[in-house]
Structures are given as C-alpha cells and as structure tokens.
Amino acid sequence: MSDLLHFEDFHEGQTFSFGCYEVTQEEIIEFAREFDAQPQHLDDDAGRRTILGGLAASGWHVCAMTMRMLCDGLLLKAAGCGGVGADECRWMKPVRPGDVLRLEVEVLETRRSKSLPDAGFVRLSCRVFNQREQVALLNTTPIIARRGA
Amino acid sequence: MWFEDVLIGTKRDLGSYTLPQDEIMTFARKYDPQPFHVDLEAAARSMYGGIIASGWHTAALWMKCLVESGRGDAAPDGIVSPGFEAMRWHKPVRAGMSLTFSTEVIDKVELKSRGDLGLVKRRNEARDDTGALVFSFIGKSFVPRKP
C-alpha cells in the first residue's frame with residue numbers, strides 16, 4: 001500500500017485539480033426528494049420565484065457531489081481516515097441541471113495530531129467551478145491522514 | 001415568518017431519525033465511497049471498528065428533519081442559505097443509532113446590501129440516545145424582512 005499518499009506527502013501550498021461531475025435534473029430531484037424537499041430543488045417554476053432563479057441543487061447535494069470528486073481525485077488515493085468537519089462552506093452560485101463541475105484543492109496547513117499519534121490533519125481549501133468557470137462552492141475542510149511507516 | 005419575528009434563543013426540536021446500514025452504504029457509494037463507509041471488512045479493520053455514516057449524510061439528514069418538521073421559518077418558496085460554518089462530526093454515526101436533531105437561533109444580522117432580507121444564524125445539532133453531541137454546525141439563512 002506504499003503507493004497511497006500519507007500525511008508526510010502533503011505540504012502547504014500543494015494543489016490538486018479534479019473533475020468532472022455532470023449534474024442531471026434527475027439527480028437534483030432525487031436528492032431533494034430524500035433530503036431537502038423544498039420547491040426550488042424540485043421544480044423549475046418554483047425556483048424562478050426565488051433568488052436561485054430556477055431549479056437548483058440543494059446545497060447539501062453540492063457538498064455531497066464535492067465529496068465524491070474529492071474521494072475520486074484524492075481521498076481514495078490517500079491513507080485517509082475520515083474528516084472532522086468543515087470550517088466554512090459557502091454556496092456561491094446555484095448548481096443547475098447540465099452543469100459540469102470540477103474541483104480545485106489547495107493544502108492550507110498540515111498539523112500532527114496529539115490524540116492520534118500515527119496520523120495528522122491536512123486542512124484543504126476546496127473550490128468547485130462550473131463549466132462557465134464560476135466558483136459554485138467554497139469549502140475549507142480538515143481531513144485526517146495516516147503517517148507513513 | 002419575517003426576519004423581524006425571529007427571536008434569538010428560540011430552540012426547536014426537529015425530530016429523530018434512525019439510520020439503517022443499507023442507507024449509510026447507499027449514500028456513501030454515491031457520494032463518499034471511502035472504505036469505512038462502504039466496505040464491511042475494511043471498516044472493521046479501520047480505526048472506527050465498523051461501518052460509519054458519511055458526515056455529509058448526517059448533514060443531509062439534519063436538513064431532511066428541518067424540512068419535514070415544517071419548521072424552517074421558510075419563505076413560501078423555500079429557504080435560501082449562503083453557507084455554513086464550524087461543522088463538526090464529534091462522534092461517528094453508526095447503523096441503528098437514533099439521532100435527534102435541533103436548531104437554535106443564535107444571531108440576526110441586517111443586510112446593508114439587501115434591504116428586503118436579513119441573515120439568521122443558528123446553531124444546529126444532532127445528539128444520540130444518551131444525549132451526547134454527535135454533530136453540530138452554524139447555519140445561515142436569508143429571511144425576508146417586513147415590506
């Protein structure tokens with residue numbers, strides 16, 4: 001498993017770029033029905049009456065899509081052992097059917113853990129762009145990575 | 001509910017949700033396929049000792065309980081939020097755990113840029129059967145002001 005990225009492989013200022021995630025109307029509505037059944041996530045006309053301006057994905061769905069890109073691009077290639085949360089998340093632009101999202105990640109900080117001697121925290125700044133190069137989501141999130149042998 | 005009617009300190013119970021293992025794994029296969037969310041054997045060997053829910057699944061369940069409790073203080077066409085802060089997954093969420101969700105208004109901010117909206121901040125939580133804190137974050141939502 002030596003090909004996995006360990007805590008020592010991350011350093012401040014490092015950047016990664018991944019994508020892409022094609023957003024469909026079906027998936028927006030399916031997620032919303034289960035978790036966030038508000039009109040602007042289920043119906044285009046209702047969305048037009050809000051400041052979202054049309055059918056838009058639940059912000060929690062955008063977080064989940066971001067996580068999927070982060071997993072495929074980085075976390076499944078790292079000796080990761082989960083996260084502790086998200087320091088700040090901003091939903092900058094509505095995410096709509098037909099959008100194609102990509103993710104840029106920058107390492108803000110690496111820090112050894114006092115409570116987990118064989119792991120450390122890697123704080124990531126995530127920026128999700130749509131196909132118009134607009135920032136759709138900003139999220140700062142610390143992940144836990146195991147130290148190498 | 002108008003911005004003017006929102007009272008700091010108002011706390012509401014949003015109900016409970018017991019998360020089955022198949023829902024944990026279905027969500028994680030789509031959105032967070034790390035081994036300790038989707039692979040029973042790998043999860044057993046991990047520091048968690050078994051399958052745990054994606055933290056984003058817990059967050060989505062908080063939203064589900066807010067919306068389904070009808071207590072979103074929403075405008076007729078739904079809640080619009082610019083984001084959140086300080087989200088923490090304090091304890092792993094395991095299959096069969098019953099989570100009880102709540103929301104409490106902690107701050108109100110008038111927006112200079114939008115005279116028709118105010119920003120309401122809430123501390124949102126999930127607790128387990130023993131009352132221990134499992135999940136928390138500071139949510140923000142826009143609430144219309146009285147015309």
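B:Gly118 sits in strand 4 of chain B, which spans residues 117-127; strands here (E, at least two residues), like helices (H or I, at least four), are DSSP runs numbered from the N terminus. The model is a predicted one, so local features need pLDDT of at least 70 and side-chain atom pairs count only at pLDDT 80 or more, while totals for chains, interfaces and linings use all residues. Residues are numbered from 1 along each chain as its sequence is written, and chains are lettered from A, with ligands numbered from 1, in the order in which they are written.

B:Gly118 counts as partly exposed because it has 19 C-beta neighbours inside 10 Å (20 or more other C-beta atoms within 10 Å make a residue buried, 12 or fewer exposed, anything in between partly exposed, with C-beta atoms placed from the backbone). Setting aside neighbours within four places in sequence, B:Gly118 is in contact with B:Phe3, B:Lys108, B:Val109, B:Glu110, B:Leu111, B:Val143 and B:Arg145; contact means C-beta atoms, placed from the backbone, within 7 Å. B:Gly9, 109 residues away in sequence, lies 17 Å from B:Gly118, C-alpha to C-alpha.

Strand 4 of chain B pairs with strand 3 of chain B in the antiparallel sense over ten bridges, pairing being called when DSSP finds at least two bridges between two strands. B:Asp107 has B:Lys121 in strand 4 as its bridge partner, and a hairpin of six residues joins the two strands. Strand 3 (residues 98-110) also runs antiparallel to strand 1 (residues 11-18) of chain B, over seven bridges, with B:Gly15 bridged to B:Phe101.

Turning to the chain contact, 27 residues come from chain B and 32 residues from chain A. On the chain B side, helix 4 (55-68) and strand 2 (80-89) are the elements that give two or more residues, and strand 2 makes the largest share, with ten residues. Strand 2 of chain B also pairs with strand 3 (residues 85-91) of chain A, antiparallel, over five bridges; there, A:Ala86 is partnered by B:Met87.

Most residues other than glycine have a negative phi, and most peptide bonds are trans. B:Ala86, in strand 2 of chain B, has a positive phi of about 55° and counts as partly exposed because 13 C-beta neighbours lie inside 10 Å. A:Glu133, in the loop between strand 5 (119-129) and strand 6 (135-146) of chain A, has phi near 65°; with 7 C-beta neighbours inside 10 Å, A:Glu133 counts as exposed. The peptide bond from A:Gly19 to A:Cys20 is cis, with omega near -5°.

Methods:
Two residues are in contact if their C-beta atoms, placed from the backbone, lie within 7 Å.
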